[in-house]
Amino acid sequence: MTDALKPLDIDTVQAFVRVADFASFTRAAEALDTSQAAISLKLKRLEERLGYRLLERTPRHVRLSPQGEQFIVAARALLNAHERALGDMGAQPSRRLVIGISDHVAGPDLPTWLGRLAAYDPLLVLEIRIASSRDLVAAFDRSELDAVIVRNEGDRQDGEVLAVERFGWFAAPTWQHTPGRPLRLATMAPPCGVRHLAVRALDEAHIDWTEVFVGGGVMAVGAAVSAGLGVAALAHRVAPAGAVDVSEQYGLPALPVSEVVLYSRISDLRSRETVRTLSATFRGVLPR
């Protein structure tokens, strides 16, 4: 069989799509539970098979070449057709994953993560629950959730650390604190772990504070910050667009870093592959 008629290898095409999605050979290797060397070899063989370069690589960046931009459309369609063919043949039963994601973790990148999961596993029914880390861990321990991605708020050591994030005190650019008056806080309601860390840091620094807004989620707290109602303790990644870290300006105490942790009890191979993709996606977005 000539190269022109030789069919494309599904695993090789999948490796290419994962590298393109993550813009990283490292993240792609984590998602596919293999090595960077194996991924590089697959890409080399695919480019040789097609006769053109799919990726442009520098020491710091991986991006699609013009030919890669065109080929990835067909590559995704091929992977989706492969998954659906397996499903139609009954090779893979219907699956549902119930995953909890902490409100302080989800942030603005959630649509990207969900899109990648859907593209990777089109037959999966994915149920996402957004809540506080404490509530999600409790639900996981009651076997109500298959996996959770949360902030580590205790001494528990049985999870997989995906990232470590920094927090700051964020406010609108025009917001000002009046000296001698309590610091105006926008927070989430107790028992939010981030709220607990924030008020404890203020108390230990002997800074008077008062709550002026209590939100039911990070999006609501971010809206209060943008509206100029007060200052909020937020991870840099989830702070609203345009907000500024006023920690140094007003001498606010440093906040501890926070681990983002995955807990999972998933056992079937295909679902574990999906969760690996989710983990690799988080690592690609969150700073380590």
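Modeller: About 1200 Å² is buried between domain 1 and domain 2, and carbon and sulfur atoms give 52% of that area. On the domain 1 side, helix H1 (10-22), helix H2 (25-31) and helix H4 (66-88) each supply at least two of the residues that touch domain 2. The model is a predicted one, and the interface is described on that basis. In terms of contacts, 13 residues of domain 1 meet 13 residues of domain 2.

As for the bounds, the domain assignment places domain 1 at 8-86, domain 2 at 93-162 + 257-283, and domain 3 at 166-254. Taken over C-alpha atoms, the centres of domain 1 and domain 2 lie 24 Å apart.

Turning to the strands, S3 covers residues 95-102, and because 7 of its 8 residues are buried, S3 is largely enclosed by the rest of the structure. Buried here means under 20% relative accessible area. Strand S4 (residues 124-131) runs parallel to S3 and is joined to S3 by 8 bridges; one of the pairings sets Ser102 against Ala131 of S4. S3 also pairs with strand S5 (residues 147-151), again in the parallel sense, over 3 bridges. Here Gly100 has Val148 of S5 as its bridge partner.

Conventions
Residues numbered from 1 in each chain as written. Predicted model: local features only at pLDDT ≥ 70, side-chain atom pairs only at ≥ 80, totals over all residues. Heavy atoms only, no water. Buried < 20%, exposed > 50% of the residue type's maximum accessible area, 1.4 Å probe, protein only. Helix = DSSP H or I, 4+ residues; strand = E, 2+ residues; numbered from the N terminus. Pairing = 2+ DSSP bridges. Domains from an automatic or database assignment. Contact = heavy atoms within 4.5 Å. Buried area = accessible area lost by both parts, 1.4 Å probe.
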